[in-house]
Amino acid sequence: MPASGTFGYGEEFEPFLPPGTFSAIVPKSISVETRIGNPPPRAIETPSGLLNSIGLQNPGLDQFVESYLPRLQRYGVPILVNVVGRTVEDYCKVVETLEGLPLVAGFELNVSCPNVKEGLLFGLDPLATSQLIRAVRPLTRGVLMAKLTPNVTDIAEQAVAAEEAGADSISLINTIRAMAVDWRSGKSRIGTETGGLSGPAIRPIALRMTMEASRAVQIPVCAIGGICSAEHVLEFISVGASLVQVGTHLYREPTCLPQLLQDLRHLLAAGDFTALDDVRGNFHPDQDRLPDRERQVP
Ligand SMILES: Cc1cc2nc3c(=O)[nH]c(=O)nc-3n(C[C@H](O)[C@H](O)[C@H](O)COP(=O)(O)O)c2cc1C
């Protein structure tokens, strides 16, 4: 799937991504109110990743329903609506309004954006994450996915909180809080002091967190973070992911999703694997190299 915020509302990608090239669309976060976002510059390139500070600019719920959703529905694939809010009630309002509309298959709750305060307030505290999911859960029969922040010490704790509260799946990671400065002017290179880092730089962190979250929960884990190739997809699957989202790489290579699918098939066939399930979770620690205290008792 495309990762939220890197695919807009689909229209820019229509010429590159014909229907059928991905399993679901995840549009940019939607809030009840219209948001103008953060001051520019909103994105800069660092040596190995993208630093952004968009600030969840979005047209708001009413405009989304009126003009953006119908365009997304033209793709004919399930839509996983990414939701953000200032309060639990905000999240509930978006979900209630969109529940049951054609092709709206579920909701990805953004409890993790580093560029605004409110998303993180939920995402940093397992209790707040849990209360939010418990409030939204009864409002939808669709898929409920909780998008976690990497800006925590223990990702497994957040994952378990989401699972116990009734999430059907979790996705991780959102961007990592980061900054870039111009030392001559003493100013930030983006419009806010700090922003969120994405792309290849964060992939090793995302991989480690995917492994930790996958070990901690039974529900499917959707891996996100620096994925640029089919090799990367399989690395995430091998540490336990069930599905993946591709974000920043879409900017570099807008047609990458169909190519990725094709490469995945080739790689699996070349390795004598018949399905992703053959690879899923096949990573295991090398027992001989572990210190005694970390060895797993069979
Ligand atoms: C420009 C930009 C805007 C983003 N906007 C959102 C957003 O609105 N909601 C959200 O949940 N994640 C947002 N993200 C985070 C991505 O969905 C993804 O979690 C993150 O970029 C890591 O994946 P990647 O390295 O493949 O980009 C945004 C990322 C970028 C680069």
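**Reading the ligand site and the cores**

Analyst: In this predicted model, a backbone N or O atom of isoleucine 173 lies 3.0 Å from an oxygen atom of the ligand.

User: How much of the ligand's area does the protein bury?

Analyst: The ligand exposes 600 Å² when taken alone, and the protein buries 98% of that. As for its location, the ligand sits in the largest pocket.

User: Which residues are the closest of those that surround the ligand?

Analyst: Of the 25 residues that surround the ligand, the closest are Ser4, Lys28, Lys147, Gly226 and Thr248. For serine 4, a polar backbone atom is 2.7 Å from an oxygen atom of the ligand, whereas for lysine 147 a polar side-chain atom lies 2.8 Å from a ligand oxygen atom.

User: How should I read the nonpolar cores, and which residues have the most contacts inside the largest one?

Analyst: In soluble globular proteins, nonpolar side chains tend to be buried together. Here the largest nonpolar core has 76 residues, and those with the most contacts inside it are Phe64, Tyr91, Leu98, Phe107, Leu109, Ile170 and Leu172. A second, separate core has six residues, among them Met1, Ala24, Leu80 and Cys222.

User: What does leucine 98 touch, leaving aside residues up to four places away in sequence?

Analyst: With those left out, leucine 98 touches Leu61, Phe64, Val65, Leu69, Val81, Val104 and Phe107.

Terms used
Residues numbered from 1 in each chain as written. Predicted model: local features only at pLDDT ≥ 70, side-chain atom pairs only at ≥ 80, totals over all residues. Heavy atoms only, no water. Core = buried A, V, L, I, M, F, W, Y, C linked by side-chain atoms within 4.5 Å. Buried < 20%, exposed > 50% of the residue type's maximum accessible area, 1.4 Å probe, protein only. Contact = heavy atoms within 4.5 Å. Near = heavy atom within 4 Å. Polar contact = N/O pair within 3.5 Å; in protein donor to acceptor, adjacent residues only side chain to side chain. Areas by Shrake-Rupley, 256 points an atom, 1.4 Å probe, with all protein chains shown as cover. 1 Å grid on protein atoms, 1.4 Å probe; cavity = no way out; pocket = protein on both sides within 12 Å on 5 of 7 lines; lining within 4 Å. Sits in = over half its atoms within 2 Å of the grid points.
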